[in-house]
Amino acid sequence: AMHRTIRWLDRCLAAHRIQQPNIFPIVQGGLDAALRERCALELLKRDVAGYAIGGLSGGESKDDFWPMVDISTNLLPKNKPRYLMGVGFAVDLVVCSALGCDMFDCVFPTRTARFGCALVMGGQLNLKNTEFCNDFSPIEDDCPCSTCRQYTRAYLHHIVKQETVACHLVSIHNVNFQMRLMKSIRDNIKAGTFVSFVKAFMKTFYPKSDYPGWVVDALAAVNIHLNL
């Protein structure tokens, strides 16, 4: 994959010499740090708009995942966007933003919506559960999305097993949740309050401070210490 992605990049650059689109070559190498470094250094020899980090989020352990992200971002220039492919869990987005990633894509918000799960700060709500049958509040009180403005948890619970429109309504909310999360990350980076934001965010998801070891280690690598 590493050699193939370099060959593909050269073919793309040759094919678009006159009017070049925004080409993002992919840093490959799997879980092999040396291969990732070789791949990144080869890609850096070409003039491109940005860089993608691929070959991850495919079932590997988080302890194997985050060091490869860290290695890749440290090799890539900070003045060009760094796009991490296939990452969409809220905790992963915050951690990988801290590690230097700028862009993400993932099917997670819409795929989980198809199972009736709504994303909220602190985790997920499974709207199929009977606890929501008489809950007339929106998915999230402070969410501005059209689903939260017009529909209650009780209504969504009622239709989620019967009507495909429920998938669309929960998807609208979940995508909005992701966009608001990323806006919060950007705003706090600009304001110089990102470290405080990360700590508050993690406390929301882990109120007992029982942070996963990989989260603690990954953030410590960029001088964000959750237990201090």
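**Figure 1. The hairpin of strands S5 and S6 contains a glycine with positive phi.** In this hairpin, two residues lie between the strands, and glycine 122 adopts a positive phi near 105 degrees. The structure is a predicted model, in which local features need pLDDT of at least 70 and side-chain atom pairs count only at pLDDT 80 or more, whereas totals for chains, interfaces and linings use all residues. Residues are numbered from 1 along each chain as its sequence is written, and side-chain values use heavy atoms, with hydrogens and water left out. Strand S5 (residues 117-120) and strand S6 (residues 123-126) run antiparallel and are joined by four bridges. Leucine 119 has glutamine 124 of S6 as its bridge partner. Helices (H or I, at least four residues) and strands (E, at least two) are DSSP runs, numbered from the N terminus. Two strands pair if DSSP finds at least two bridges between them.

**Figure 2. Four strands form an open, parallel sheet.** Strands of a sheet pair through backbone hydrogen bonds, either parallel or antiparallel. Here the order of the strands is S1-S2-S3-S4, and the pairing is parallel. Strand S1 (26-27) and S4 are the edge strands, each of which pairs on one side only. Three bridges connect S3 and S4 in the parallel sense. Methionine 85 has aspartate 105, in S4, as its bridge partner.

**Figure 3. Helix H4 is mostly covered.** Nine of the nine residues of H4 are buried, where buried means under 20% relative accessible area, exposed means over 50%, and partly exposed lies in between (1.4 Å probe, protein chains only). The buried residues of H4 include Val91, Leu93, Val94 and Cys96. The elements that cover the buried residues of H4 include H3, S3, S4, H8, H9 and H10, with contact meaning heavy atoms within 4.5 Å. After H4 comes glycine 100, which has a positive phi near 115 degrees.

**Figure 4. A salt bridge joins aspartate 92 to lysine 62.** A salt bridge is a side-chain nitrogen of Lys or Arg within 4 Å of a carboxyl oxygen of Asp or Glu. In this pair, the closest N and O atoms are 2.4 Å apart. The pair links distant parts of the chain, 30 residues apart: aspartate 92 belongs to helix H4 (residues 90-98) and lysine 62 to helix H3 (residues 62-75). Aspartate 92 is buried because its relative accessibility is 5%, whereas lysine 62, at 28%, counts as partly exposed.

**Figure 5. Arginine 82 and aspartate 102 form a salt bridge.** The closest N and O atoms of the two residues are 3.7 Å apart. Aspartate 102 has 41% relative accessibility and so counts as partly exposed.

**Figure 6. Asp10, Glu42, Lys45 and Arg46 are linked in a network of salt bridges.** Side chains of opposite charge can pair when their charged atoms come close. Lysine 45 counts as exposed because its relative accessibility is 62%. Glutamate 42, with a relative accessible area of 27%, is partly exposed. The structure as a whole holds nine salt bridges.

**Figure 7. Helices H8 and H9 pack against each other.** Two packed helices are described by the angle between their axes and the distance between the axes. Helix H8 (residues 165-191) and helix H9 (residues 194-205) pack at an angle of about 145 degrees, and their axes are 8 Å apart. Axes are lines fitted to C-alpha atoms, for helices over the stretch in contact, and angles run from 0 to 180 degrees between N-to-C directions. The contact is made by Leu181, Ser184, Ile185, Asn188 and Ile189 of H8 together with Phe194, Phe197 and Phe201 of H9.

**Figure 8. Leucine 228 lies in the segment after helix H10 (213-220).** Leucine 228 counts as exposed because its relative accessibility is 79%. Leucine 228 and glutamate 163 are 65 residues apart in sequence, and their C-alpha atoms are 48 Å apart in space.
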